[in-house]
Amino acid sequence: MSAGLTFTYGVVRILNLAHGNLYALGAYMGAWLVLGWGSSAWPALSYLLLLLAAVFIGVTAGPVIERLFLRRVYGKEEEIQILLTFSILLILEDVIKLAWGVSPLFADKPYTYMGVVRLGGVDYAGYPFLLTGIATVTGLLLWLVVTRTRFGKVLISVITDREVSSALGVNVPRIYTLAFTLGAVLAALGGAFTAPMFSLVPGIGAEVIVVSFAVVAIGGLGSIGGAALGALLVGLARATAVHLFPELDLFAIYLIMALVLLFRPQGLFGQVEARRI
Amino acid sequence: MRAVLETIGLTKFFGMVRAAEDLSLSFQEGELVGIVGPNGSGKTTLLNVITGYVKPDRGRIRYQGKDITGLSPRAVADLGIARSFQMPQLYLSLTVLENLVLALAIRAGRAREFWAPLVRADRLDEARRVLEQFDLEEHATHEAGQLPEGARKLLDVALSFARRPRILLMDEPTSGVSARDKSKVMDTLVPVLKGTGVTTIFVEHDMEVVQRYAERVLAFDEGKVVAAGSPDAVLADPAVRRALLGQP
Amino acid sequence: MALVLALAGLAVFLVVPPFLPEWITFLLTLAWAKALAVLGIVLLLRGGLLTFGHALYYAVGAYTAGFAVKFLGVHDGLVVLVLAVVTGAGASALLGLLLARYRGVHFGLLNLAFSMVLYAILLKFYEITGGTDGMRLPTPLLAGVKPDAQHLRLTIYYVTVVLAALLLYVAYRFTTSPLGYTLRAVRDNEVRVEYMGASVSQAIYCSYIVAGVMASVGGVLAGFSVGHIVPEVSFWTQSGEFVFVALLGGTGSVLAPVAGSIVFEFVRNYAFKYSPYTWQMTLGIVLLIIIFFLPGGLWSLTGIARRWGFATRRWSR
């Protein structure tokens, strides 16, 4: 999910505050599909449903948001861009409420199905392993796409210099839309596959973006590897905090972020943009 | 006579690009020096290094005998070296007068006052006088962002000039200005600068401008000075012609 | 011209309320108090900085009042206010050291992050803060005098308006001062500011502290008005609300936040009653409308806007 956020920022140069809501949409959609159509007879179907939900959300919401809204503020000041994504965040928050109501949604079958894994004498829930696997695979795929495929190369050229790419015949607006959609799919993916782990309520979108931003800030805006590392650090910090000082789990995350940014304001892998005169 | 500004063995590489290589220059008080050279020869880098925007790899810069290498642009400005830019750096949302009055207030060290008003009669008077000198009075209450190109350039220089610097570095004062306005800009600038005795070093691409206005010329190529002397002499120098005009 | 309008407006706010029903006075009090936090945001916007966590200082003010009453036994409202100024300044001076280094997105979200940290702290340390139940703020004494119970609402209203108006004036002096202009210059061209011999980080830092203190005082006033404070005052939705009002009112004048805040409080009062599930969406849509069609906010409609806001600026990067 953070990879999606940093990826979107890297290409489109807008930090999408509504990214968390895409996550939430993915989660809700996924949970809803599973609750509606998942069956114990064919457990694998529910995972497929989650995937479907994610892709659906990403592919519909992504282009809509990008073309209808983002496109209009590309050249403008950063404040306006952020405000735009903020207003989308507000709208989506209520869209979720209207579509799925306020009472919690809990689709735990995919989670419980993974059962328990025994490692080194300790029982662990199986689902998180699946999640980690999916996250790693997705991250690698993304990295491969960006560095090895033709699409990836075109993407990089657009990031480096939009005008030149356009002059060379690259359909920049379409690339932007594609990139944003990809980011949206990633967010929804994160949401859909985390959904089985807890009860869904309105507001998770906002909670998640705050943590996601911490991850991305630590890793450096625009760096996918950084996002991965950041996520790892944040996850570890949170787990440690929960274990040792339960009240301070959020605090721990922000502490790490503050420390990292204090010494390296652009994040661990971020790039400093020098101003040319 | 002691030089007001000198660089000693200044060297700056950007990766493989030699922006400055062992540059040892010296400038006398009050002179008007032009610097020419092809793109990438290090002209702007020289200005950036002197004003502290970029740190040199090696070498030192001395201003009135004092070592100023490595100081920040703010410190360098405080000492009396001002600079104008290739692309005018203005406060686009403020009016021309506000731009200047702010420059004056900052010069007086009042940047952190938060109760007294910025716009005061004495500051306005001085600002108006500067506008007069730079022939910008008609634009006094216009937003800087709405000025025509030539006026923007002039304002950019005026802002630096308002600091009453000892040395003024100008980066391509006539670039981007239409041919007709070029002489207008320089005809306005040069008398003011000579009149106040400011040591002026300006980087220029336009040979005619340099020939007409500079007292002394330095020709750069790949971070080194390939010729120095009077404008006519330098521009006739074969090495210079080769580098700048591609002529054998 | 603007001065005449301001004084006339103030007169209206001072003279009319005794004739209005109490609930209106209450909303007005809240609007004025919150306008101070919004003012802080507007001030920072002039420097090109948009903070999504200004509720942090609002909460600092509110909880300073709470702690002062509960643990320090302070009952005098004016003393509490002074304390809030101190804590607000202290907090913003501390965090400003880190935050003044950032711009754009980073600035906005780092502020958000810290405000959420405060929220978490307020929530979890419930022995001290009362957690989700919050803390009660009984009516304070004013300079040793206990307000007349019958005219309580009105008294709190007047104190709020007078204090807020004073702070508005301070903000006005700020905006016309060298520091205020340097801040605007920072937004336009940081490089030029440094080359002129002024310090960008100092300008931002000082402005940040001013903004923090404004919000802190707003927090106290709002707290006393409601009589109760909860951790949600530091939640991101509160910051978002302040940002929204800042844009609704516009950045063209120090009076704009008050206008925006009043409109907001009243509209919210009605909207919430009729359709609670679409409130945020409505906000989002209105925000979109403002961004695209009325960048200067409501204040630009008065035509008195002085070239400060987004709208009137030609930006050529």
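Axes are taken as lines fitted to C-alpha atoms, for helices over the stretch in contact, with angles between N-to-C directions running from 0 to 180 degrees. In the predicted model described here, helix H1 (residues 43-50) of chain B lies across strands S1 (5-14), S2 and S4 of chain B, and runs at about 65° to S2(B).

These strands belong to an open sheet of four strands in chain B, ordered S2-S1-S4-S5 with antiparallel pairing. Strand S2 (17-27) and strand S5 (66-67) of chain B stand at the edges; each has a single partner strand, so one side of each is left without a neighbour in the sheet. Strand S4 (residues 58-63) of chain B is joined to S5(B) by two bridges, the two strands running antiparallel. Within S5(B), Asp67(B) is the residue opposite which Arg62(B) stands.

Chain B also meets chain C, in a contact that takes 30 residues from chain B and 28 residues from chain C. On the side of chain B that touches chain C, two or more residues are given by each of helix H2 (73-79) and helix H3 (96-107) of chain B. H3(B) provides the largest share of this side, six residues. By class, the side of chain B that touches chain C comprises 16 nonpolar, four polar and 10 charged residues.

Between chains C and A, 34 residues of chain C are in contact with 33 residues of chain A. Helix H5 (104-124), helix H11 (236-249) and helix H13 (279-293) of chain C each supply at least two residues of the side of chain C that touches chain A. The largest share of that side comes from H5(C), with 13 residues. The side of chain C that touches chain A divides into 25 nonpolar, seven polar and two charged residues.

How values were computed. Residues numbered from 1 in each chain as written. Chains lettered and ligands numbered in written order. Predicted model: local features only at pLDDT ≥ 70, side-chain atom pairs only at ≥ 80, totals over all residues. Contact = placed C-beta atoms within 7 Å. Nonpolar A, V, L, I, M, F, W, Y, C, P; charged D, E, K, R; others polar. Pairing = 2+ DSSP bridges.
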